[in-house]
Amino acid sequence: MPENQCNIDSPLAFIYKEIDGIHVLLDVYLPPDDDDQQSTQQLIQYRPAVVYFHGGGLTVGNRRSWFPTWLKSRLSAHNIIFISADYRLIPPGTGYDVLADVKDAIAFVAGDLNVQLDQELADLGSGSRFRIDPTSIGVAGTSAGGFCTYLCAIHAVPKPKVILSLYGMGGDLLTDQYLAPKAQSFLRGREMLDPAQFSDYMHPFSNLQSTSDSPLVYHPQSYHIPGYPANPRMLISCLYLQLGVALDYITGQHEPSLSVALRKAVHTEDLFDEALISDHKIIFPQFNFTSDWPATYLIHGTSDTAVLPQESRNLHSLLSKAGVEVVLEELPGREHSFDYQPGAELENEGSFDNIVQFFYRHLT
């Protein structure tokens with residue numbers, strides 16, 4: 001799918017960590033000051049913030065990929081600060097690197113960011129009065145970004161007050177979508193992939209460098225498959241699903257293959273033995289639900305072939321049993337990334353408004 005082409009207001013970019021020889025960044029979108037407020041000296045106002053994590057199967061993308069303009073604009077209208085964060089990608093990263101990064105992103109937003117905003121705005125000569133209220137932070141994510149929000153709910157300090165997950169992965173990782181090798185097309189009717197064409201991204205890696213920024217790139221219309229992804233990272237998450245080894249790459253456990261062990265275990269009549277994932281339990285959201293989990297809004301298309309709707313249904317069930325406030329909105333017939341389709345803003349206006357009201361209620 002082409003990257004969202006809507007205008008994105010110029011954000012303020014900050015490095016929130018340096019690791020593996022790279023800078024990991026986030027963008028801050030401060031709500032606009034009106035003319036009267038810009039013309040006079042204003043006291044600083046501490047406002048809620050929502051940190052957004054992009055999708056891309058954990059393997060591709062950056063903080064400006066698949067940008068949720070609808071969410072940013074609505075939050076800004078409520079004077080809520082919108083932040084979009086990068087995180088290290090798989091491979092060579094693993095879910096543990098993603099966990100470390102999302103934790104550090106939240107800690108930075110709640111800690112050092114205001115000081116850096118003061119300095120940056122002073123250097124720019126800007127009089128923006130808005131700063132982060134560290135006690136009022138929410139998180140949002142689409143697809144793989146939903147997985148990031150769940151890790152924040154479990155591990156981030158401070159704990160987010162509210163979560164939005166659009167067709168988020170991680171509600172149930174113990175399914176054939178992740179574990180079963182596929183013999184025929186399973187995702188939006190796309191052709192099966194040849195692993196030999198992606199050898200650089202197959203374990204063991206020879207010289208794959210850590211990255212938190214892999215932009216979306218497409219072949220031109222003159223290509224034999226017009227608009228086909230030109231960045232191989234855009235396809236490897238599908239390849240891992242096709243091979244039934246996605247959890248090997250998420251956990252980093254290739255030898256012996258975690259996926260092979262789990263593939264057998266989930267198809268027995270016995271109760272699932274959690275000891276099989278005991279070494280990796282902290283990055284399996286479905287085994288970490290507690291009553292202090294933040295209020296959560298889930299939205300999922302019923303025809304999603306990338307992240308099956310059962311994931312959000314399972315999450316909703318587990319959170320409900322834990323006594324957590326949770327909303328599950330299912331959109332009949334919608335596929336993955338429904339919010340980026342032509343006409344999505346008009347078609348989903350009611351849902352989008354409800355989501356932002358949910359945020360506003362829990363953050364203010």
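Predicted model: local features only at pLDDT ≥ 70, side-chain atom pairs only at ≥ 80, totals over all residues.

Entry 1: Helix 7 gives the most, with 7 residues. The space in the pocket comes to about 750 Å³.

For my own record, the search uses a 1 Å grid over the protein atoms alone: a pocket is an open set of points where a 1.4 Å probe fits, with protein on both sides within 12 Å along at least five of seven lines, and lining residues have an atom within 4 Å of a point. The volume is the space filled by probe spheres set on the points, which are joined across faces, edges and corners.

I then sorted the lining by residue type and got 26 nonpolar, 10 polar and 3 charged. Here Ala, Val, Leu, Ile, Met, Phe, Trp, Tyr, Cys and Pro count as nonpolar, Asp, Glu, Lys and Arg as charged, and the others, Gly among them, as polar.

**Entry 2: ground rules.** I noted that residues are numbered from 1 along each chain as its sequence is written, and that side-chain values use heavy atoms, with hydrogens and water left out. Since I was at it, I also wrote down that local features need pLDDT of at least 70 and side-chain atom pairs pLDDT 80 or more, while totals for chains, interfaces and linings use all residues.

**Entry 3: strands.** Helices (H or I, at least four residues) and strands (E, at least two) are DSSP runs numbered from the N terminus, and two strands pair if DSSP finds at least two bridges between them. Strand 1 (residues 12-19) runs antiparallel to strand 2, with 7 bridges joining them. Lys17 has Val24 in strand 2 as its bridge partner. The two strands form a hairpin with 2 residues between them, and Asp20 in the turn has a positive phi of about 55°.

On strand 2 (residues 22-29) I counted 6 of 8 residues as buried, that is, under 20% relative accessible area with a 1.4 Å probe, protein chains only (over 50% is exposed, in between partly exposed). Strand 2 also pairs with strand 4 (residues 81-85), antiparallel, over 4 bridges, and Leu26 stands opposite Ala85 there.

Why is strand 3 (residues 45-53) largely enclosed by the rest of the structure? I found 7 of its 9 residues buried, so that settles it. Strand 3 runs parallel to strand 5 (residues 130-142) over 8 bridges, with Tyr46 opposite Arg131. Strand 3 also runs parallel to strand 4, with 5 bridges, and Ala49 faces Ile81 across that pairing.

**Entry 4: helix 2.** I found that 7 of the 9 residues of helix 2 are buried, Trp70, Lys72 and Arg74 among them. Asn79, with a positive phi near 55°, follows this helix.

**Entry 5: rings.** How many aromatic pairs does a search of the whole structure find? I got 14, counting rings of Phe, Tyr and Trp (its six-membered ring) with centres within 6.5 Å; planes under 30 degrees apart are stacked, over 60 edge-to-face and the rest tilted. Phe289 and Trp293 have ring centres 4.6 Å apart and planes at 65°, so I logged the pair as edge-to-face. Phe289 is buried at 16% relative accessibility, and Trp293 is buried at 5%. One aromatic cluster is formed by Tyr29, Tyr52, Phe67 and Phe82.
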